[in-house]
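We will go from stop to stop, selecting as we go.

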Amino acid sequence: MTRVALIDDHESVRLGLEAACARAGDMDVVFSGSSVTACLEWRARTGAAPADVVVLDLTLGDGTTVTENVHALVSDGSSIIIHSVADRPAAVREALAAGAAGIVSKSSPIDEVISAVQAVASGEPLNNVEWASAVDGDRAFADAQLSAREREVLRLYATGLPLKIVADRLGIAYSTAKENITRVRVKYVDVGRPAPTKVDLLRRAVEDGILTPIEDAGDS
């Protein structure tokens, strides 16, 4: 029996998925709620094992980012399927980069969502041709494949902080922070998106969802 969690801030969507999982016969919906925080609190309160698969809305109404949500759930031991209209390629690629197993459109027949859950639960890759096409069509998609550490160094550095302050905040050596920024620049060059200046790095960070324009304005 596959343990499934449903996280969506639209109750009607969750109810429809719950009914479909019940009809499937091999799934047990162990949690249904509107936020990742609520799911993790449920785990802590009950001591229940993590869900095998979490069906997660791409954008929740609580101000969290897809990267935060996917990282939290993957770290907790679950596989993630993003369930969304997914009309924002940057958010789609952010979810996949954060560790989501794949994307299923909210416009897909419910049987396709159930099949995706069964596939991921079995360790099979999802066939995301539709989403690969959407992402490949985005001119900014050339993914630099930054590591988690490189993304964090870039996020702080691109807001305007001196590299020494970035290193201090992250508890790493200045030389390590400098090496990370050098690797970031090299990776962006390799995918045809050079970022020779700090302003260019800021643009890349915004394009890739590492920073939002609001965050940039607030921190600079």
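Begin by selecting residues 82 and 103: isoleucine 82 has isoleucine 103, in S5, as its bridge partner. Keep in mind on this tour that the model is predicted.

Now widen the selection to residues 79-84, which form strand S4, together with S5; the two run parallel and are joined by four bridges.

Next, bring in the rest of the sheet. It is open, with five strands in the order S2-S1-S3-S4-S5 and parallel pairing. Which strands stand at the edges? Select 27-33 for S2 and 102-105 for S5: each has a single partner strand, so one side of each is left without a neighbour in the sheet. Turn the view to follow the twist, which averages 25° from one strand to the next.

Time for the helices. Select residues 11-24, helix H1, which packs on the sheet and touches S1 (2-7), S2, S3 (53-57) and S4. The direction of H1 makes about 170° with that of S2.

Then select residues 110-121. This is helix H5, also packed on the sheet, with S1, S2, S3, S4 and S5 as the strands it touches.

For the last stop, go to glutamine 145, in the loop between helix H6 (129-136) and helix H7 (148-158). Check the backbone here: phi of glutamine 145 is near 55°, a positive value in a residue other than glycine. Is glutamine 145 buried or exposed? Its relative accessibility is 55%, and the cut-off for exposed is over 50%, so glutamine 145 counts as exposed.

Note on methods: Residues are numbered from 1 along each chain as its sequence is written. This is a predicted model: local features need pLDDT of at least 70, side-chain atom pairs count only at pLDDT 80 or more; totals for chains, interfaces and linings use all residues. Side-chain values use heavy atoms; hydrogens and water are left out. Two strands pair if DSSP finds at least two bridges between them. Axes are lines fitted to C-alpha atoms, for helices over the stretch in contact, and angles run from 0 to 180 degrees between N-to-C directions. Contact means heavy atoms within 4.5 Å. Buried means under 20% relative accessible area, exposed over 50%, partly exposed in between (1.4 Å probe, protein chains only).
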